[in-house]
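Welcome, and please take a moment with the sequence and the model before reading on.

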Amino acid sequence: MTYRSITFKFLALLLLVSILYGGSALILYTHGKTVPFHFFYLGLLASMLSIFGAFLVFFSAPLFRIVQQIKFLLTGKKYRRIEPSANDEIGIITHFFNKITLSLESISGDIIEKKRLTSEIDVAKKIQNDILPKKAPAIIGLDIVARSRPAAEVGGDSFDFVQQENHTMIYIGDVTGHGVPAGIVMMMVNTLIHAFAKHNMYPYEILTRVNSILFSKVSAEQFMSLVMLRWDENKQKMYFIGAGHEYVLVYRAADKKVERIPSGGIALRMAHDIENFIEEKYLHLDDNDVVLLYTDGITEGRNPVGEMFTIEKLEKAFQANGFRSSAEKIFDAITSEFSDFIGEYVQQEDDITMIVMKKLPAEEKSKKQIKLTIGGLQNASYVKRGKRWDWE
């Protein structure tokens with residue numbers, strides 16, 4: 001039983017009492033009888049209370065309406081906002097109720113929109129994960145390890161292997177920024193490279209055509225640096241062409257030193273025509289020499305006090321570990337030093353990608369093996385296992 005129903009029943013009882021006493025007094029008076037004193041006062045009191053109650057119900061009706069709508073709101077039923085009838089206290093309560101419901105509707109809309117965006121990001125993440133190579137072709141003469149890890153659900157770093165007859169193109173790229181916009185550009189570039197490579201184009205022509213399309217389709221704020229290597233399987237020779245990317249680092253096994261080679265060129269989308277800015281060059285490699293490609297998420301990675309890992313630290317780690325027997329061991333040793341520098345519980349600020357390629361001696365070339373490990377895209381922070389950080 002509600003407060004309102006109790007009030008109405010009480011008023012009905014008062015009205016009945018006032019009618020009974022008033023009617024009895026009137027009958028006695030018309031018959032010349034003496035009206036008992038208590039009849040008069042009880043009838044008057046009941047009438048006054050009935051009038052007061054009626055006024056109370058009249059003025060509290062808007063409040064009852066608000067209470068009813070609040071009840072609907074709390075029980076999940078359909079409710080409606082109430083037009084304030086005055087600027088008094090009840091009007092203020094009415095206005096407050098309307099504001100609360102507007103805020104709740106806005107929050108509900110935000111939740112629905114967030115679920116929709118999350119679903120779309122998951123789709124983009126899956127597409128990007130599918131684009132990155134799951135396995136690599138057998139490449140005679142090379143031992144390779146490559147890993148990539150985005151800072152967000154979708155990243156702007158990319159790497160891939162594109163095989164043609166007697167040639168394999170190996171590239172690494174980095175779109176400005178990270179997240180969904182960078183991931184979309186990354187997927188565009190990856191798709192375009194594969195499309196042009198199917199027509200047996202070499203890196204120079206592929207990159208000039210990719211740039212031309214990006215320039216007409218992508219905003220000026222987003223460009224992609226990239227370096228592409230071409231391995232001639234017959235000649236056992238390496239070539240590279242740069243589009244404004246980081247250095248190409250080469251560990252020279254003969255003197256155990258690291259050579260820093262500028263990739264050269266200009267980033268994709270920075271100019272309408274890049275034909276005069278890029279050039280394929282020969283990269284001399286002896287047996288057991290090691291090539292390292294990376295994105296700036298590594299050199300610009302910061303430790304808890306804000307210090308960057310820097311290209312110098314990467315070179316030092318590479319030089320200290322380039323002698324190891326396999327690309328995987330070299331890769332693990334470098335990433336271990338990087339992880340030790342970064343420290344625990346540090347949020348990854350940028351996408352990170354690294355490729356290590358070792359030229360195999362003649363006696364190992366017949367194995368036709370390539371090792372490829374791809375870091376998962378589901379986690380945006382490092383995972384520490386003992387002394388070693390894994391890129392999952």
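A contact here means heavy atoms within 4.5 Å. With that in hand, residues 24 or more positions apart account for 72% of the contacts in the protein with a separation of 6 or more. This is a predicted model, in which local features need pLDDT of at least 70 and side-chain atom pairs count only at pLDDT 80 or more, while totals for chains, interfaces and linings use all residues. Residues are numbered from 1 along each chain as its sequence is written, and side-chain values use heavy atoms, with hydrogens and water left out.

The protein has 8 helices and 12 strands; these are DSSP runs numbered from the N terminus, with helices being H or I of at least four residues and strands E of at least two. Of its 392 residues, 45% count as buried, meaning under 20% relative accessible area with a 1.4 Å probe and protein chains only (exposed is over 50%, partly exposed in between).

Helix 8 covers residues 327–342, and its 16 residues should span 22 Å at 1.5 Å a residue, which agrees with end C-alpha atoms 22 Å apart. The expected span is 1.5 Å times one less than the number of residues. Buried residues of helix 8 include Phe-331, Asp-332 and Phe-338. Just after this helix, Gly-343 takes a positive phi of about 85°.

How do two packed helices get described? By the angle between their axes and the distance between the axes. For helix 7 (residues 310–321) and helix 8, the axes come within 9 Å and cross at roughly 140°. The two helices are therefore oblique to each other, since angles under 35 degrees count as roughly parallel, over 145 as roughly antiparallel, 65 to 115 as roughly perpendicular and the rest as oblique. Among the residues making the contact are Leu-314 and Phe-318 of helix 7 and Ile-334 and Phe-341 of helix 8.

| Residue | Place | Relative accessibility |

Which residues does Thr-168 contact, leaving aside its neighbours within four places in sequence? They are Ile-139, Val-162, Gln-163, Leu-229, Arg-230 and Trp-231.

Leu-207, not counting residues up to four places away in sequence, touches Leu-226, Met-228, Ile-241, Leu-268, Ile-274 and Ile-278. The C-alpha atoms of Leu-207 and Ile-278 are separated by 8.7 Å, though the two are 71 residues apart along the chain.

Terms used
Axes fitted to C-alpha atoms, helices over the stretch in contact; angles between N-to-C directions.
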